[in-house]
Amino acid sequence: QLQACGGGLVQAGGSLRFSCAASAPYFRRYDMGWFRQHPGKEREFVASVSWRGGSTYYADSVKGRFTISRDNANSTIYLQMNSLKPEDTAVYYCAADLTGGRQARGYKYWGHGTKLTVSS
């Protein structure tokens, strides 16, 4: 129901944009978020956006570099990532729930991961 795409290889300092398309229109009423998982570590919060798009939240590690946005007309959210660092290398997941938050357990619906590799 959630399809994330946009992963790839980019050099440090570069930019990339992920998108996550929801298959069902009711996702327009869901808070949505991006999480990432480094090898051997737990999934961590990256950013989230309220269903109306008026409220956005970011992890400190990406604040000022990443921007989350949504297009409810197309049931899609985006994660624009600038000034990428090697430590941003991870598998990224989009998620949705009526009230998401910063905890992975707060999200019921998950997309398959898309991998980002940032080379130094």
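How far apart are the mean positions of the positive and negative charges of the protein chain? For the 15 positive and 8 negative charges, the answer is 4 Å. Here Lys and Arg count as positive and Asp and Glu as negative, while His and the chain ends are not counted. Each charge is placed at NZ of Lys, CZ of Arg, CG of Asp or CD of Glu.

A word on the ground rules comes next. This is a predicted model, in which local features need pLDDT of at least 70 and side-chain atom pairs count only at pLDDT 80 or more, while totals for chains, interfaces and linings use all residues. Residues are numbered from 1 along each chain as its sequence is written, and side-chain values use heavy atoms, with hydrogens and water left out.

As for the overall fold, the protein chain has 11 strands and 0 helices. Read from the N terminus, the order is simply β-β-β-β-β-β-β-β-β-β-β. The radius of gyration is 13 Å, close to the 14 Å that the globule rule gives for 120 residues, so the chain is as compact as a globular protein of that length. (Helices are DSSP runs of H or I with at least four residues, strands are runs of E with at least two, and both are numbered from the N terminus; the radius of gyration is taken over C-alpha atoms, and the globule rule is 2.2 Å times the number of residues to the power 0.38.) Along the principal axes, the C-alpha atoms fill a box of roughly 40 × 25 × 25 Å.

Of the 120 residues in the protein chain, 44% are buried. Buried means under 20% relative accessible area, exposed means over 50%, and partly exposed is in between, with a 1.4 Å probe and protein chains only. The chain exposes about 6,300 Å², and carbon and sulfur atoms supply 47% of that area. These areas come from the Shrake-Rupley method with a 1.4 Å probe, and for residues only the protein chains shown count as cover. Contacts (heavy atoms within 4.5 Å) also reach along the sequence: among those between residues at least 6 apart, 57% join residues at least 24 apart.

Now to the cysteines. The count comes to 1 disulfide, a disulfide being a pair of cysteine sulfur atoms within 2.5 Å. The bond joins Cys-20 to Cys-94, with 2.1 Å from S to S. It ties together distant parts of the chain, as Cys-20 sits in strand β3 (residues 16-22) and Cys-94 in strand β9 (residues 90-97), 74 residues apart. The torsion about the S-S bond is about 60 degrees, so the disulfide is right-handed. Cys-20 is buried at a relative accessible area of 0%, and Cys-94 is also buried, at 0%. Cys-5 is another matter: the closest cysteine sulfur to its own is in Cys-20, 8.4 Å away, which is too far for a bond. Cys-5 is partly exposed, with a relative accessible area of 39%.

Leaving aside neighbours within four places in sequence, Ser-75 is in contact with Cys-20, Ala-21, Ala-22, Ala-24, Pro-25 and Arg-28. Ser-75 counts as buried at 9% relative accessibility. Although not a glycine, Ser-75 has a positive phi of about 50 degrees. Ser-83, not a glycine either, likewise has a positive phi of about 50 degrees. Ser-83 lies in the loop between β8 and β9 and is partly exposed, at 40% relative accessibility.

Arg-28, one of the contacts of Ser-75, is found in the loop between β3 and β4 (31-37). At 34% relative accessibility, Arg-28 is partly exposed. With neighbours within four places again set aside, Arg-28 is in contact with Trp-51, Arg-70, Asn-72, Ala-73 and Ser-75. Arg-28 and Glu-87 are 31 Å apart in space, C-alpha to C-alpha, and 59 residues apart in sequence.

Thr-99 is exposed, with a relative accessible area of 60%. Beyond neighbours within four places in sequence, Thr-99 is in contact with Asp-31 and Gly-106. Thr-99 and Ser-50 are 49 residues apart in sequence, yet 8.2 Å apart in space, C-alpha to C-alpha.
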